[in-house]
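Let's take a friendly walk through this protein and the DNA beside it. Have the structure open as you read.

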Amino acid sequence: MRPSDVDPAQGVFGISVAADLVGMDPQSLRLYERRGLLEPARTDGGTRRYSSDDLARLQRIGYLLAAGLNLAGIAKVLELETENARLRAALELTHDADMARTSPLTRPRSVD
DNA sequence: TTTCTAACA
DNA sequence: TGTTAGTA
């Protein structure tokens, strides 16, 4: 299987490996999950499986923590970002490439 | 591996 | 408040 065939949304890493890759402790990863910042996949046995998307999310959490936000604030940020991505994806389906290039909200208004 | 608890800064 | 360590 080629690297390009790997689904970034599919969980493959155990918690120890995932924590190692992002420079965090497994305990912190569990705390983030309990606070609703993350929801990694589970094996049949119930152990966590972190995907590449999860790792990117963890690095985002680390960045926001360093920026001074607490976990509650980060949960809110990630929630809004997720919704924003969902809305943009829906917009992409409705509009053609030309419309998607400039947001209706930011497109300059004609002010005679 | 999980969850819980306590101590630290 | 978030991290770390110890426990079961």
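This is a predicted model: local features need pLDDT of at least 70, side-chain atom pairs count only at pLDDT 80 or more; totals for chains, interfaces and linings use all residues.

## Who else is around the strand

Which residues are around DNA strand B? They are Ile15, Ser16, Gln27, Arg30, Thr47 and Arg48. Of the atoms of DNA strand B that come within 4 Å of the protein, 75% belong to sugar and phosphate. By residue type, the surface near DNA strand B has one nonpolar, three polar and two charged residues.

## The annotated domain

An unreviewed UniProt entry places the feature "domain: HTH merR-type" at residues 12-80. In the model, that span is 61% helix and 6% strand, and the C-alpha atoms at its ends lie 26 Å apart.

Now have a look at helix α4, which runs over residues 71-94. Its 24 residues reach 35 Å from the first C-alpha to the last, close to the 34 Å expected at 1.5 Å a residue.

Which residues of α4 are buried? They are Leu71, Ile74, Ala75 and Leu78. An α-helix has 3.6 residues a turn, so residues three or four places apart point the same way. Among the elements that cover the buried residues of α4 are α2 (26-34) and α3 (52-66).

Conventions: Residues are numbered from 1 along each chain as its sequence is written. Chains are lettered from A and ligands numbered from 1 in the order in which they are written. Side-chain values use heavy atoms; hydrogens and water are left out. Helices (H or I, at least four residues) and strands (E, at least two) are DSSP runs, numbered from the N terminus. The expected span of a helix is 1.5 Å times one less than its number of residues. Buried means under 20% relative accessible area, exposed over 50%, partly exposed in between (1.4 Å probe, protein chains only). Contact means heavy atoms within 4.5 Å. UniProt positions are given in the numbering used here, feature names are shortened, and annotations may be inferred rather than shown by experiment. A residue is near a molecule or strand if one of its heavy atoms lies within 4 Å of it. Ala, Val, Leu, Ile, Met, Phe, Trp, Tyr, Cys and Pro count as nonpolar, Asp, Glu, Lys and Arg as charged, and the others, Gly among them, as polar.
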